[in-house]
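Keep the structure in view while reading.

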Amino acid sequence: MIKKRQLPFSLAINEALDLMMAKDKRVFVIGQGVKSPWYVGNTTRGLLKKYGEQRIIDTPVSENAITGCGVGAAIAGMRPVIVHPRVDFLMYGLDPIINQAANWNYMFGGDAPVSVVFWLIVNRGGEQGAQHSQALHALFSHIPGLKVVMPSNPYDAKGLLISAIEDNNPVVYIDDRWLYNTSCFVPEGIYRVPIGKAVVRKKGKDITIAALSCMVKEALIAADSLRKEGISAEIIDLRSAKPLDRETIFTSVKKTGRLIVVDNGWLTCGLSAEVSALVSEKLFKYLKSAVQRIALPDLPAPASRTLEKAYYPGATLIVKNVKQMLRKGK
Amino acid sequence: MVKGTSKQKLVQLYRQMLRIRFCEESFIDPILQSIIKCPVHLCTGQEAVAVGVCSALEKNDYIFGNHRSHGHYLAKGGDLNKMVAEVYCRVSGCAKGRGGSMHLRDVSVGMLGSAPIVAGTISLALGAALAVKIKREKKVVVSFFGDGAAGEGVLYEALNFAALKKLPIIFACENNLYSTHMSIKECRVSKNIFEIAKPFSIKTWQVDGNNIFKIVEKAKNAVSLCRRGEGPVFLEFLTYRLHGHVGPDDNIQGTHTDIRPLEEINRWLKKDPVLLLKNYLLNKNVVSKSKLRFLETGVDREIKKAHKLALASSFPKKSELNKYLYD
């Protein structure tokens, strides 16, 4: 038997960038630290040597201008990937994303595509505190005109990045540093993971757990532990926060009648609220129990490890909530 | 006669300035009658900057504008009928009624877009210049912005990055002395905006923005520097808008407020760039009075026709609200 090739998350991204830059001259990477593994791990390994400083552009700390620069290059026909190695620092650069890129095609009545990828890395944990760890996909998902994708594994990391680069619209690609050391089968060559399409990671019949990004792993651990207690959980990896794949969510919830949404962002006005509202609106008659949300508490990320443990939800909390919901349902 | 500028070219410049002037003035009645409802920022008084700068550009060079960009769009060769229709928010507009006066675009002539977030399009122009450099094209990009943008941090970031990468971009600052309601004296210590480019080792000039000859001269300089890979260049144009920040008068607060001193307005009226050029053409016998009248009639007719076409065009259908969100 041929052993399938395993690749870590960071190298899956690296491969996607490499393949797309080789295929399409319009693709370039711009952002802080793209030359430095300290910033972006191995994601840009070897690219500078292969494609040169014209297309692997390390920049001074000027988030607003650099983000806008990428957007402007896209308006002029390029397909840039703008990287922000820590989402938090991008806050200076929201104008080009929200005011310009997201609105551009609509406000000019079409024929004004902005094919740009905003690649944002979340750096949670490690006692990094409140300004190195924010997951802001809900903020971007709120904005018409943007698409938001969040891979949970190396296969999707590569496939979603390729789809994002090929998309004619601005795509916010958010990945989590917690996933960078995970490995899985990653095919060679170009393949695509469709934007706006969720996937069932594990089939089940008692309850649906919808998660994304690093929370998918926690949900799968929880499902394993629940199985030992005779509870069959279906795990959906949302993959895209926007557009949401309603069909996959609805099909599952119609079957199980129960839904817990596990988000790695904050609770209030978060993605979990959106999924919950959607299911409550459309599938009320199928629900055996109120939809539940597991998300970050409405607090800044603390530094200290003891507080971090209390702050980040994980498999244990998912298991506890599932059991509670099922007990109530009886 | 101005060196290197033919009679024909001078008349052409005048025609373009007059066309912008007539066009701007033609919006006043429909605005006052609320037929045009979207915010309209008239560039009357600033025509020379748009025309002078764009006269130094080729068709496939790029420009980006701001909230006050009717002049930039027309000077770059943007379709007049489509612009007028857009101001009326009709489907035949250049943004199919989705943008209004502040969102003008005509890619066929390199006008890549205007948007009203102060300094918001500067970084976009920076990116277009980067694209030009990556693609090894010979194009030049002009970013038009006002004095108000000099208060925004992104301008300084963009100056630094453009200088660092030697990008073919002209930062064209139209200093009309007012950031909406606020006099420049209340916005900054030094009134010489062009000096902000100096610490970035960017070539920079302050230009009389009502003198078409000086504008053309400096713009040509700037464009050839950029074309030779010796960009970026910063140009500050001292000018004055003859109407208020938005709409035909200074009345931006809802109640009557004469923000700018009458004496100041009168002083600038004497420096009206369209009038200055007209007088020059007549005094130097570049063109006869009757020829000018003929030219004026032609421009007037063209603009009236644009209004007629716009009014005959329909508003976007409600059923098409969702159209154009994604490409």
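In this predicted model, five strands of chain A form an open sheet. Their order is β9-β11-β10-β13-β14, and the pairing is mixed. At the edges stand β9 (199-202) and β14 (292-296) of chain A, each of which pairs on one side only. From one strand to the next, the twist averages 25°.

Strand β13 (residues 259-266) of chain A runs parallel to β14(A), and four bridges join the two. Within this pairing, A:Ile260 stands opposite A:Gln292 of β14(A).

Now step back to the whole of chain A. Twelve helices and 14 strands make up its secondary structure. The radius of gyration is 20 Å, close to the 20 Å that the globule rule gives for 330 residues, so chain A is as compact as a globular protein of that length. Along the principal axes, its C-alpha atoms fill a box of roughly 65 × 50 × 45 Å. Of the 330 residues in chain A, 53% are buried. Take the contacts in chain A between residues at least 6 apart in sequence: 80% of them join residues at least 24 apart.

Chain B has a sheet to compare. Here six strands form an open sheet, in the order β2-β1-β3-β4-β8-β7 of chain B. The pairing is parallel. The edges belong to β2 (111-114) and β7 (203-208) of chain B; each has a single partner strand, so one side of each lacks a neighbour in the sheet. The twist in this sheet averages 15° from one strand to the next.

One position can be picked out: B:Gln206 has B:Glu236 of β8(B) as its bridge partner.

Turn to the helices of chain B. Helix α1 (residues 7-26) of chain B has 20 residues. From its first C-alpha to its last it reaches 28 Å, close to the 28 Å expected at 1.5 Å a residue. Its buried residues include B:Leu10, B:Leu13, B:Tyr14, B:Met17 and B:Leu18. What do the buried residues of α1(B) pack against? Their partners are α3 (47-55), α4 (70-75), α8 (212-227), α10 (273-283) and α11 (289-312), which belong to chain B.

Helix α7 (residues 153-164) of chain B has twelve residues, which at 1.5 Å a residue should span 16 Å. Its end C-alpha atoms are 17 Å apart, which agrees. Buried in α7(B) are B:Val154, B:Leu155, B:Glu157, B:Ala158, B:Leu159, B:Phe161 and B:Ala162. An α-helix has 3.6 residues a turn, so residues three or four places apart point the same way. The buried residues of α7(B) pack against α6 (122-134) and β4 (169-175) of chain B, together with α4 of chain A. Just after α7(B), B:Lys166 takes a positive phi of about 50°.

That packing leads to the contact between the chains. How many residues does each chain give? Chain A gives 35 residues and chain B gives 32. On the side of chain A that touches chain B, the elements giving two or more residues are α4 (63-75) and α5 (94-107) of chain A. The largest share, ten residues, comes from α4(A). By type, this side of chain A divides into 17 nonpolar, 16 polar and two charged residues.

One loop residue of chain B is worth a stop. B:Asp61 lies in the loop between α3 and β1 (62-65) of chain B. Is B:Asp61 buried or exposed? It counts as buried, because it has 24 C-beta neighbours inside 10 Å. Leaving aside neighbours within four places in sequence, B:Asp61 is in contact with B:Gly110, B:Lys139, B:Val140 and B:Val141. B:Asp61 and B:Val109 are 48 residues apart in sequence, yet their C-alpha atoms are 7.9 Å apart in space.

Finally, take chain B as a whole. It has eleven helices and eight strands. The radius of gyration of chain B is 19 Å, close to the 20 Å that the globule rule gives for 327 residues, so chain B is as compact as a globular protein of that length. Of those 327 residues, 51% count as buried.

Key
Residues numbered from 1 in each chain as written. Chains lettered and ligands numbered in written order. Predicted model: local features only at pLDDT ≥ 70, side-chain atom pairs only at ≥ 80, totals over all residues. Rg over C-alpha atoms; globule rule 2.2 N^0.38 Å. Buried ≥ 20, exposed ≤ 12 C-beta atoms within 10 Å, placed from the backbone. Contact = placed C-beta atoms within 7 Å. Nonpolar A, V, L, I, M, F, W, Y, C, P; charged D, E, K, R; others polar. Expected span 1.5 Å × (residues − 1). Pairing = 2+ DSSP bridges. Axes fitted to C-alpha atoms, helices over the stretch in contact; angles between N-to-C directions.
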